[in-house]
Amino acid sequence: MPELPEVETTRRGLLPHVEGRRVARVLLRRPDLRWPIPFDVEALLPAQKITTIRRRAKYLLLDTDAGSALLHLGMSGSLRVLPADTPVRAHDHVDIALEGVDGKPGNVLRFNDPRRFGCLLWQMPEQTHPLLAGLGPEPLSDDFDGDYLFSRSRGRAAPVKTFLMDQAIVVGVGNIYAAEALFMAGISPLRAAGKVSRERYAALADAVKAILSHAITRGGTTLRDFISPDGAPGYFEQELLAYGRGGQPCPRCGRALKQASIGQRTTVWCGHCQR
Ligand code: ZN
């Protein structure tokens with residue numbers, strides 16, 4: 001499943017191909033993905049110039065003066081920039097054809113999503129789509145740090161892992177990254193969020209930033225695969241210390257890693273190194 005680093009890598013990969021380009025046509029090969037594709041996409045996007053691509057949480061926004069196309073890759077989605085005559089493959093649901101520049105034919109931004117948990121929606125100018133309302137800060141922004149986590153967590157009895165995965169607290173920290181960050185910071189995922197000190201939250205925020213930044217940096221090296229016609233979907237292989245390693249030796253102390261379900265999500269941690 002594409003996580004925040006894959007979405008950010010997709011954004012960076014698409015940006016030079018899409019920014020400043022005018023949309024020639026929108027072709028929907030089906031009326032819906034996870035949700036129906038609103039009429040606004042076909043009515044308002046053609047002829048608009050894409051001013052930039054932004055990312056918010058795991059959503060991508062293609063900004064134009066008429067509004068923004070709001071895309072989510074879901075469980076299995078990918079976006080590629082392709083020559084317009086590239087044959088259509090199974091699950092290629094949406095084409096956003098771009099006008100060419102300097103007499104060259106334009107490319108097409110093609111959305112493929114076998115499982116169709118992704119979406120294509122529309123956000124009017126100066127508005128915030130309901131899906132984006134109420135989201136917490138970006139984990140790589142200055143708004144997210146130990147002091148922020150400390151202040152938001154006071155009085156909370158929920159496990160710190162559940163707290164960290166709450167999109168209203170911080171966006172884009174999924175199950176894998178939460179487990180890894182807690183391992184790095186030496187915090188038990190079971191500890192009540194309200195019982196973690198300011199200092200330990202500072203370590204946790206640093207760990208989240210380090211893990212996500214590292215994944216994005218590594219993603220840059222596979223960027224070509226991400227947007228090329230024949231590349232694999234290219235979700236990143238991860239170097240995981242804890243996640244998926246239940247029962248195996250802790251990379252730090254050698255004791256067997258524990259595994260349990262917290263908030264219906266499997267988590268792995270070291271009972272010795274994480275308190
Ligand atoms: Zn350990």
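Helix α5 (residues 175-185) is largely enclosed by the rest of the structure, because ten of its eleven residues are buried. Buried here means under 20% relative accessible area, exposed means over 50%, and partly exposed lies in between (1.4 Å probe, protein chains only). The buried residues of α5 are Asn175, Ile176, Tyr177, Ala178, Ala179, Glu180, Ala181, Leu182, Phe183 and Ala185. Gly186 follows α5 and has a positive phi, near 70°.

The model is predicted: local features need pLDDT of at least 70, side-chain atom pairs count only at pLDDT 80 or more, and totals for chains, interfaces and linings use all residues. Residues are numbered from 1 along each chain as its sequence is written, and side-chain values use heavy atoms, with hydrogens and water left out.

The protein chain has seven helices and ten strands. These elements are DSSP runs numbered from the N terminus, helices being H or I with at least four residues and strands being E with at least two. The C-alpha trace spans about 65 × 35 × 30 Å along its principal axes. Of the 275 residues, 49% count as buried.

The structure holds eleven salt bridges. A salt bridge is a side-chain nitrogen of Lys or Arg within 4 Å of a carboxyl oxygen of Asp or Glu. One of them joins Lys58 to Glu3, with the closest N and O atoms 3.5 Å apart. Lys58 lies in the loop between β2 (52-56) and β3 (59-64) and Glu3 in the segment before α1, so the pair ties together parts that are 55 residues apart in sequence. Lys58 counts as buried at 14% relative accessibility. Glu3 is also buried, at 7%.

Asp95 and Arg110 form another salt bridge, their closest N and O atoms being 2.7 Å apart. This pair links distant parts of the chain: Asp95 is in strand β6 (residues 92-98) and Arg110 in strand β7 (residues 107-112), 15 residues apart. Asp95 is buried, with a relative accessible area of 7%. Arg110 counts as buried at 4%.

Arg30 and Asp32 meet through their side chains in a salt bridge of 2.9 Å, N to O. Arg30 is partly exposed, at 24% relative accessible area. Asp32 is partly exposed, with 24%. Elsewhere, a network of salt bridges links Glu8, Arg11, Arg12, Arg55, Arg56 and Glu138.

The surface carries a patch of negative charge, where Asp142, Asp143, Asp145 and Asp206 gather. Patches are made of residues with over 30% relative accessible area and no salt bridge; like charges are joined within 9 Å, and nonpolar side chains (Val, Leu, Ile, Met, Phe, Trp, Tyr) within 5 Å. Lys and Arg count as positive and Asp and Glu as negative, while His and the chain ends are not counted. The place of a charge is taken as NZ of Lys, CZ of Arg, CG of Asp or CD of Glu. Asp206 sits in helix α6 (residues 198-221). Asp206 counts as exposed at 51% relative accessibility.

A nonpolar surface patch is formed by Met1, Met75 and Phe117, which together have about 270 Å² of accessible area. Accessible areas come from the Shrake-Rupley method with a 1.4 Å probe; for residues, only the protein chains shown count as cover. Met1 lies in the segment before α1 (4-18). Met1 is partly exposed, at 46% relative accessible area.
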